[in-house]
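Here is a briefing on the packing and surface of one protein model. The notes are grouped by topic.

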Amino acid sequence: MPSPSTVSEQNLQLVNDAGPALDRRLSLLPALLAVMVLGGQAYLVMARDFATILDTPFLPYCLIGAFAIHFWTRPSAAERACTLTLAAIGTACFMLLSHRFVFNWPCGVACGSFFGLASLAVLAVQTVRLRGAAQKEKLDTLVAGSVFGYSALFITFILNLTTRLHPQTYDLYLYRADAGFALPLCAWMGKFVGRWPVLLWFTSLVYETLPLAVSLLYACQRSGKRPLPVRVLPAFLGGGAAAYVLYNILPATGPRYIFGAAFPERLPAAAQAGLHLITVGDVARNAVPSMHLACALLIFWTCRPLGRWVRAAAALFLALTLCATIGFGEHYVVDLVAAVPYALALAGLCASSGWQRHRTWIAIGVAFTAAWVVLLRFGTPLFQSVAFTWFISLGTVLACLYARQRSFRVHQSISQ
């Protein structure tokens, strides 16, 4: 009968022998995940005669963002060469094999998708080939580059659900609330943007490239060169998911979908339009709060520690987003006001220094956001007062900007 010490030595030897085999099996899990991510992206982009990248407005910019995230990690020269070669092959196949390719801006942007897809392919191969810390690093970059593309498709899907869940919307309630400003702000901005073709083109570009701007900001954060006050990925993805809940509480679209060709030149008076639920067609109910403006605000706030030119570009992006959201008739002015406290709450909840240090600002953002949703749905008669409308709107914006300034000082003190 063997002694206890002999049995222990045998068991230890068995564990040591199984170690390398176990490590090999575990290293296959990231590789399998990489292949699944790449396969899903390739199918979504190239299936149905490349319809996805042509018919989903934000997806090409998400994939271009994946290319930016990949190259921001400073891959080797061989990795860059392989990526660019694959991108060129994919673009050529799209131009030659797709029956929908024409020489216009949407197809040009769709060609950019193949740079992102090439980056994902190279990252997937590297994840399969490498082991250990290097494999994890490539897998993290692959997931980071893929998540925005998948989120764009998922958001499109869940927003389409709002059209089936809420055939009638509260647009006329928001239109009546906007009338409380005593100024036709939506009509003025719509006419102003439409009068200048260059401004129209730039505002359209900014409105579409929001996912690319977020991807660039995330790539900057992953580089680790300078700490940013907001964790980009949770803020933007989590913020979009949480906004969906609010879209179901106060479903609305925008004046261009309610009044059609009458926007912006011949918009009716609020009293003439009435105050009742209105049936709207196949349009996403994503008005309150405006996630476009909330995201642009988050980008602007997050860029504060960066260089002067980056801050200036973020400010311009915010200004053009403001013009686009109103000028295109996608939102009402009150939608934009409600977006400010929503952005404040997201910035606090996803602060790099921890949400516990920003509880006051989070509470302010959540309270103001909830108050606006309740007021717009149940307190529309209050907006008949011009003084009330301007007071609550300016008060909301100024209080949130002050709170955000105090919150940023907390981040600076921690960073130093």
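**Surface and core**

Trp188 is a residue of helix H7 (residues 185-195); helices here are DSSP runs of H or I of at least four residues, numbered from the N terminus. The model is predicted: local features need pLDDT of at least 70 and side-chain atom pairs pLDDT 80 or more, while totals for chains, interfaces and linings use all residues. Numbering starts from 1 along each chain as its sequence is written, and side-chain values use heavy atoms, without hydrogens or water.

**Surface patch**
- Trp188 counts as partly exposed because its relative accessibility is 47% (buried is under 20%, exposed over 50%, partly exposed in between; 1.4 Å probe, protein chains only).
- Leu183, Trp188, Val386, Trp390, Leu394, Leu398 and Leu401 make up a nonpolar surface patch with about 640 Å² of accessible area together (Shrake-Rupley method).
- Patch members have over 30% relative accessible area and no salt bridge, with nonpolar side chains joined within 5 Å; a salt bridge is a Lys or Arg side-chain nitrogen within 4 Å of an Asp or Glu carboxyl oxygen.
- Helix H17 (residues 386-415) supplies the largest share of the patch, five residues.

**Nonpolar cores**
- The largest nonpolar core has 87 residues, of which Leu174, Phe236, Ile299 and Leu376 touch the most other members (buried nonpolar residues joined through side-chain atoms within 4.5 Å).
- Helix H15 (residues 333-349) contributes the most to this core, 12 residues.
- A second, separate core of 18 residues includes Ala34, Phe94, Leu123 and Leu142.

**Helix H10**
- Among the buried residues of H10 are Phe236, Gly239 and Tyr244.
- Their cover includes helices H5 (132-165) and H16 (359-378).

Methods. Helices (H or I, at least four residues) and strands (E, at least two) are DSSP runs, numbered from the N terminus. Patches are made of residues with over 30% relative accessible area and no salt bridge: like charges are joined within 9 Å, nonpolar side chains (Val, Leu, Ile, Met, Phe, Trp, Tyr) within 5 Å. Accessible areas come from the Shrake-Rupley method with a 1.4 Å probe; for residues, only the protein chains shown count as cover. Contact means heavy atoms within 4.5 Å.
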